[in-house]
Amino acid sequence: MKQFKSMAYPYIVWISLLIVVPMLLILVYAFTTTGNSVTTIKFSLANFAKFFSDVIFLDVLRRSLLIAVATTVVCIILGYPAAYIIANAEGRKKFMLILLVTIPTWINMLVRTYAWMGILQDDGIINTVLSFLGIGPFKMLHTSFAVILGMVYNFIPFMILQIYTSLTKMDKSLLEAASDLGANRVQAFLRVTLPLSLPGVISGITLVFLPAVSSFFIPKLLGGGQYVLIGNVIENQFLTSGNWNFGSAISLIMAVIIMISMYITKKIDKGESMEGGVKK
Amino acid sequence: MKKTIILSAVIAALAFSGCGSTGGGSSQNAVEKYGSDTLKFYNWGEYIGENVISDFEEEYGVKVISEYFDSNEMMYTKLQSGDSYDVIVPSDYMIERLIKEDMLQKLDLSLIPNMENLADGVKNLAFDPENEYSVPYFWGSVGIVYNHNNVPEEEVEEKGYSILKDTKYNGRIYMYDSERDSFMVALKSLGYSMNTDNEDEINEAYNWLVELNNTMSPVYVTDEVIDNMANGLMDMAVVYSGDAAYVLSENEDMSYSMPEEGTNIWVDSMVIPENAANPKLAHEFINYILSYDASYDNSETVGYASTNKDVLADMSGKGGEYEGNEAYLPRDNYAKDEVFRDNEFLRQKLSELWIKVKASK
């Protein structure tokens with residue numbers, strides 16, 4: 001056992017270099033302002049004050065959370081049935097379905113998002129087909145529809161795979177027991193399958209919500225720069241404005257919000273499984 | 001014909017650098033001559049001729065690694081974070097800032113004999129009066145490209161920039177996603193200098209842009225504007241003249257207008273940053289770009305006004321690629337046109353306000 005312990009050291013070095021140190025830097029940047037010369041660093045809460053005192057930034061934050069929530073909800077609604085179908089498929093078919101879900105993730109996200117621009121734009125594939133049928137054209141690109149579509153498309157595999165895993169781990173004999181005790185299929189699903197798959201849904205939510213709330217290139221490309229989300233503000237502070245302090249402060253605010261929402265989902269998770277336990 | 005020009009350029013280059021060995025070609029020679037056989041070139045996207053890089057690589061036996069940026073600010077951040085490049089092509093005001101902050105090397109002009117090919121309008125400008133640090137690459141203006149079937153020419157000429165706020169064209173316009181160019185449009189439309197450091201004027205321009213953002217649903221783009229306007233996706237777009245020249249040559253429904261309120265005359269120039277790994281080869285590259293062939297390829301492909309006076313004359317002259325193209329040649333000596341200067345107050349205000357303009361809806 002002991003000799004294996006030492007194998008963790010590279011990992012610890014790795015994690016402290018690539019995660020802990022950058023996080024500490026963000027923390028330092030967020031609470032300081034730089035003067036004109038590089039050496040003077042002053043402790044300050046000005047970056048946070050700047051963010052919370054500006055209606056525009058708060059609005060951006062609200063919009064980002066809304067879009068991320070919408071994305072997550074759509075991912076659950078579409079992802080759950082998909083995962084259910086895959087989990088209940090047999091052999092080869094199951095393998096093919098999983099492959100279909102994962103194949104797109106082998107291609108770079110940016111490339112796939114560019115492809116959506118071509119599909120959605122005014123003279124894109126959809127509108128060309130529609131105009132052939134005598135309908136449209138519809139303005140789809142540069143709308144919130146396009147932004148949410150892009151996010152759902154990019155992040156839904158995370159949701160499907162999480163739910164799928166928890167569904168396959170489920171003990172099938174529980175369903176037989178339920179039907180023995182007189183439950184019909186709907187009741188068995190609602191009382192047995194759904195509660196047991198909730199941990200998968202919860203981890204799916206974290207995996208979809210987190211990237212959705214901080215994504216910056218999807219709103220930039222599919223929203224045409226009109227849907228500025230918090231990720232875009234952070235990107236702008238780092239790449240264009242060169243105000244790393246303010247950018248770090250916003251990142252920190254986001255990190256806190258995300259931690260709170262994770263804490264809440266964990267709570268719900270625990271509550272739900274306890275409830276399920278009592279009912280059983 | 002082309003071969004002989006290239007050959008003589010090589011011979012000339014060799015003669016000037018005082019090197020006796022024959023021809024470039026192998027990378028071994030390049031290492032001997034320049035100390036290294038790779039050049040890191042940091043340029044704007046879609047901003048170089050089709051064969052310029054490959055021709056240069058072949059002739060000198062070197063390898064060029066290109067990276068691209070889409071705003072001066074982005075380039076600055078990257079440079080400041082310690083990345084090393086041999087040749088960069090920033091704009092006027094950014095060069096002024098880089099000079100002020102000691103981030104550029106002084107050029108050895110004896111290694112760039114092709115400087116004599118430069119057009120008059122681009123030499124010795126205020127941001128680098130003696131051309132000690134920078135060699136002009138392209139120059140041009142900023143204006144409005146519009147589809148003259150949907151937007152009448154008289155209306156554009158009469159209203160100038162304020163046509164961008166005409167709600168008739170709601171959802172039909174592209175704005176350029178750059179703080180400088182957008183604020184230039186607003187400040188000029190309001191009749192102010194784009195180099196102002198008057199806070200009230202800047203705030204007024206900010207409100208102008210916020211109003212545009214909220215009433216017109218503009219789409220903010222950078223290089224996508226070129227292909228999208230060439231395909232006629234929108235009715236109007238704020239664009240750089242060279243992109244406009246390309247759009248006009250691709251789509252005859254498009255016209256270009258430089259509003260009477262004045263515009264930004266800009267010059268993008270090649271510079272060698274302080275931390276360049278291979279300044280010798282960088283000089284060679286800059287000299288090469290100024291040659292007739294490379295300048296011609298650049299200007300023909302990209303559509304921007306060449307800084308090489310012969311190319312400029314041939315392109316816009318009779319039988320030239322851009323003959324009669326109103327976007328190709330920058331406007332000369334118009335009193336309301338300005339060149340951007342580096343001004344710390346304006347710089348900070350703009351970078352703070354721009355994201356708020358876009359986020360204001």
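Guide: What follows is a set of questions and answers on this predicted model.

Visitor: Which residues make the contact of H9(A) and H10(A)?

Guide: From H9(A) come Leu174(A), Leu175(A), Ala178(A) and Ser179(A), and H10(A) brings Ala188(A), Arg191(A) and Val192(A). By type, the residues of this contact are five nonpolar, one polar and one charged.

Visitor: How do you know that the radius of gyration of chain B agrees with that of a compact globule?

Guide: Chain B has 361 residues, and a compact globule with that number would have a radius of gyration near 21 Å; the value for chain B is 21 Å, so the two agree. Along the principal axes, the C-alpha atoms of chain B fill a box of roughly 65 × 45 × 30 Å. Its secondary structure comes to 14 helices and 11 strands. Of the contacts in chain B with a separation of 6 or more, 78% are between residues 24 or more positions apart.

Visitor: Why is a residue called buried?

Guide: A residue is called buried because 20 or more other C-beta atoms lie within 10 Å of its own. In chain B, 50% of the 361 residues are buried.

Visitor: Which residues are buried in helix H12 (residues 292-302) of chain B?

Guide: They are Ala294(B), Ser295(B), Tyr296(B), Asp297(B), Asn298(B), Ser299(B) and Val302(B). Among the elements of chain B that cover these residues are helix H3 (52-60), helix H10 (241-250), helix H11 (279-289), strand E11 (305-306) and helix H13 (309-316). Just after H12(B), Gly303(B) has a positive phi of about 95 degrees.

Visitor: How many residues of chain A are in contact with chain B?

Guide: On the chain A side there are 16 residues, in contact with 19 residues of chain B. Helix H4 (55-88) and helix H12 (230-241) of chain A each supply at least two residues of that side of chain A. H12(A) gives the most, with five residues. The chain A side divides into five nonpolar, nine polar and two charged residues.

Technical notes
Residues are numbered from 1 along each chain as its sequence is written. Chains are lettered from A and ligands numbered from 1 in the order in which they are written. This is a predicted model: local features need pLDDT of at least 70, side-chain atom pairs count only at pLDDT 80 or more; totals for chains, interfaces and linings use all residues. Two residues are in contact if their C-beta atoms, placed from the backbone, lie within 7 Å. Helices (H or I, at least four residues) and strands (E, at least two) are DSSP runs, numbered from the N terminus. Ala, Val, Leu, Ile, Met, Phe, Trp, Tyr, Cys and Pro count as nonpolar, Asp, Glu, Lys and Arg as charged, and the others, Gly among them, as polar. The radius of gyration is taken over C-alpha atoms; the globule rule is 2.2 Å times the number of residues to the power 0.38. A residue is buried if 20 or more other C-beta atoms lie within 10 Å of its own, exposed if 12 or fewer, and partly exposed in between; C-beta atoms are placed from the backbone.
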